[in-house]
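The report below looks at how a ligand is held, how the chains are arranged and how one chain is divided.

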Protein chains: 2
Amino acid sequence: TLRFATLRFATLAKNRHLLGFDNPRKALLTTIKEAVDNSIDACEEAEILPDLLVEISPVEGEDERFVVAVEDNGPGIVKAQVGKIFGKLLYGSKFHSMKQSRGQQGIGISAAGMYGQLTTGKPMRIMTRPSKSGKALRMEVRIDTARNRPEVMREREAKTFRKGSGTRVEIELEGRYLKGKQSVDEYLQQTAMANPHVSITYYGPGEDDPVVFKRASKRIPEPAREIKPHPHGVELGVLARLLKGSPARTLKGALQDSFSRVSAAVAGSICDAAGVSPKARPGAIANREADLLYKAINKTRIMSPATDCVVPIGQELVLEGLRKEVDADLFTAVTRPPAVYRGNPFVIEAGLAWGGNLAADDLARVIRFANRVPLLYQPGACAISKSVVGTTWKNYGLQQSRGALPVGPLVIFVHVASVWVPFTSESKEAVAHYPEIVKEIRLALNECGRKLGAFLSRRRREADEVKK
Amino acid sequence: TLRFATLRFATLAKNRHLLGFDNPRKALLTTIKEAVDNSIDACEEAEILPDLLVEISPVEGEDERFVVAVEDNGPGIVKAQVGKIFGKLLYGSKFHSMKQSRGQQGIGISAAGMYGQLTTGKPMRIMTRPSKSGKALRMEVRIDTARNRPEVMREREAKTFRKGSGTRVEIELEGRYLKGKQSVDEYLQQTAMANPHVSITYYGPGEDDPVVFKRASKRIPEPAREIKPHPHGVELGVLARLLKGSPARTLKGALQDSFSRVSAAVAGSICDAAGVSPKARPGAIANREADLLYKAINKTRIMSPATDCVVPIGQELVLEGLRKEVDADLFTAVTRPPAVYRGNPFVIEAGLAWGGNLAADDLARVIRFANRVPLLYQPGACAISKSVVGTTWKNYGLQQSRGALPVGPLVIFVHVASVWVPFTSESKEAVAHYPEIVKEIRLALNECGRKLGAFLSRRRREADEVKK
Ligand SMILES: Nc1ncnc2c1ncn2[C@@H]1O[C@H](COP(=O)(O)OP(=O)(O)OP(=O)(O)O)[C@@H](O)[C@H]1O
Ligand SMILES: Nc1ncnc2c1ncn2[C@@H]1O[C@H](COP(=O)(O)OP(=O)(O)OP(=O)(O)O)[C@@H](O)[C@H]1O
Ligand SMILES: [Mg+2]
Ligand SMILES: [Mg+2]
């Protein structure tokens, strides 16, 4: 029988691995990641220096249940939005805005809340004060699985919520806590590495004393500026839809309004090249004319998109982050100039740390970031790992087997920053292989690799001289 | 501003790589795959030996546009369903049915049609005759992007559609056609390899003569039987929902109805272990009682799920497929006994071909299948590749660097068959790393590897004897 596979519990249960909840250990990490990402995004958007509190508390009498709490000093959330934000998939403020942010889909925290309810039956608990003057509210959000909609219940004043403004999210879920690789601890440590302006106070399960990641910089990063789509990245069907839906009275006006880098002159030459009147009503554009405009756009020289929509970490702070994290002899970092894939601006940053007390006969360790968020899973699926494996490290004096990572006392840091990171799935764990992105990562790695190669040959020469 | 990122053009355009349309070459392949999978599924469901026609025709006057047509002799499609099937995401007949099939999400062909309209503005063209007695209909399906719903237009009799029953799907899209690795040709060839009962007639772009893959077997595979969820795979939230929605009058009845392998006796002992009355009304079960039942279920011994819901290819036919495809000295294959991951039955099959005219110093070639569909992309993300790389091929006499594929004149065939294949994204290109699945693949590879190892040591001994 034919019917809809609507986005509800059944879908989440079947597709958990698509959303990052494959197993209890990963589910715990994904839940924290989604909440922390939201908090940092919200603080940056409001130009507040982020102070985060993360608590993982084991549930008494249950062996694999935790209450995860993430609290921020952000702008808070208006009561009317709470139900949809936490209880509806695909609802958010970032999908349609073309600028760099950690969240981009509208799925993250609602999926985490659903996973909690799926495994423990418990609702999410939200506390928020949306402005310095108002009361702080506390409420529970559960998903009515029969009607597939959120229910907001037990709303009352949150007398214990002391922040001037901010949000606290609590989710009770089935999870597993382990230290080491791909752990919550590693995630928070790497988050601090790529976000020196954030401070995180972290209470692990059963810990009375918190781990504190103090902020290393009081400077809020320049906020990303939203841009309009660039005409060279837009498909025929999207162009047709933009024109049909445009409030402008003329085609020429609609082209200027809908796109970035389209001035009156550029709009005029697009119309001329297409042979369509610039005064035509955009709502009346037929498919054939849209096709002519589409081809004309792709033949017209148009300035590249503005790049203040992306926010690289910056060479200095990448180096500083590596120095804090790794004991090494050589540190090098580079921020590439902005580039574009499918109309979306992006920036690649890379860094290397070599030597020190790193193991000389281990495979290199790759630390990956996308929009300043650590990527801890699915390296095999990631364009970053593929670019590292595809780089000829032998050129810089390292050992490397075909199809594998280089061997040596080496840490490789790569950051992909974009208005829309092309992840391989909604769990946002690995970057898809767009050739423009792979090319830029390779160029960044080669730049750092050359510095490493020069350092290593200099050291070999010095060692040879000492022998003589 | 907060709003929904609804599943329409904008989402498809942004998430193309999630659905398999990353670039024109892949989009052409994905479109053919989604249509071919649907045709084979429909024929098998109706117990018809599948005869497929696949045509790729370049569009005159355009350099990168093709019309893709896939036609089958299946049961056809009822007119009232055409709009939703081809024009609505998440609409299908397979998501809720727990049995092996190639399609499982309700997304495939609608995404392909949307991609066509996105890149060329053209609607899909559907011809279908849903029974031997009726007229064949022809209609166009386009997506109204403003209202996000399908429009079925220009419906008329399809005088050229000669089959007694069946469906023809035509999509005009931006694509690129290249032969060789990861091509349409390779996909059809591997489809024939894993589906010997299917015949495919294939007209490539500009080809007057078709490539014909004749059927190698007149036996239709045993159809997969649908099963109910197994209680051991079900989460607390799903249990709660199943009980609340059950039409049964008692809890005991609801347990028997909702699950496979739950007899009256088993249902009774679950209720006893939970301390909940078997006569309780299922709709009145509160969260606390659902929790008790959930824990009781997981402590109760329950027979493993029935495995007639999965359809392995079978050792003989795997060997036959390899022999047809590869020139080698040794062939070996194994079908593992059925296993379960997260309540879902699955079966692993593996095969090896060694020697012959395969290159001795190349990395081994891995041919992957999921539910009899070739997986050509994202090997790095795939549990199959990870299991191959994680197998210690040195134990069987092969060379292998750490973290890489083995080296040698070797082809490795792996098939994952399940009621629900856990793909890493909706493009269904790679299998997610469930430990139960990885373990079974390793066991299958080890079984085949031991045969290879024995063969190679025997050959070495024979070679040594010849030297003496
Ligand atoms: N702590 C918070 N403070 C303020 N606003 C928040 C907070 N958390 C979530 N939001 C709002 O709720 C929206 C939905 O969050 P959600 O995590 O579901 O999606 P997203 O962050 O937009 O995308 P993604 O799925 O990639 O995480 C956000 O876009 C943001 O507007
Ligand atoms: N050629 C066909 N003949 C008969 N029925 C078809 C045919 N193609 C599609 N269908 C029906 O339309 C439904 C939707 O197809 P669609 O490809 O969108 O999703 P699916 O095959 O169920 O899942 P998936 O997204 O994994 O492909 C199918 O489930 C099937 O019932
Ligand atoms: Mg988010
Ligand atoms: Mg399908």
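Which polar backbone atom lies 2.7 Å from an oxygen atom of ligand 1? In this predicted model, that atom belongs to A:Gly108. The model is read with local features requiring pLDDT of at least 70 and side-chain atom pairs counted only at pLDDT 80 or more, while totals for chains, interfaces and linings use all residues. Residues are numbered from 1 along each chain as its sequence is written, chains are lettered from A and ligands numbered from 1 in the order in which they are written, and side-chain values use heavy atoms, with hydrogens and water left out.

## Ligand 1

The polar contacts listed here are pairs of N or O atoms within 3.5 Å.

| Residue | Atom of the residue | Atom of ligand 1 | Distance |
|---|---|---|---|
| A:Asp72 | polar side-chain atom | nitrogen | 3.0 Å |
| A:Ser93 | N or O atom in the side chain | oxygen | 2.7 Å |
| A:Gly108 | polar backbone atom | oxygen | 2.7 Å |

Taken alone, ligand 1 exposes 600 Å², of which the protein buries 95%, the areas coming from the Shrake-Rupley method with a 1.4 Å probe. The largest share, four residues, comes from α3(A).

There are 23 residues around ligand 1, and A:Ser93, A:Gln104, A:Ile107, A:Gly108 and A:Lys428 come nearest; a residue is near if one of its heavy atoms lies within 4 Å. Because residues from chains A and B surround ligand 1, the site is shared between chains.

## The two chains

The same surface serves both copies, as 100% of the contact residues of chain B recur in chain A, contact meaning heavy atoms within 4.5 Å.

A:Arg16, in helix α2 (residues 16-19) of chain A, is buried (under 20% relative accessible area), at 7%. Not counting residues up to four places away in sequence, A:Arg16 touches A:Phe21, A:Asp22, A:Tyr115, A:Leu118, B:Glu235 and B:Arg342.

## Domains of chain A

Chain A is divided into domain 1 (9-213), domain 2 (232-299) and domain 3 (315-467), with bounds from an automatic or database assignment. The C-alpha centres of domain 1 and domain 2 of chain A lie 42 Å apart.

Technical notes. Helices (H or I, at least four residues) and strands (E, at least two) are DSSP runs, numbered from the N terminus. Buried means under 20% relative accessible area, exposed over 50%, partly exposed in between (1.4 Å probe, protein chains only). A polar contact is a pair of N or O atoms within 3.5 Å; within protein, one must be able to donate a hydrogen and the other to accept it, and residues adjacent in sequence count only if both atoms are side-chain atoms.
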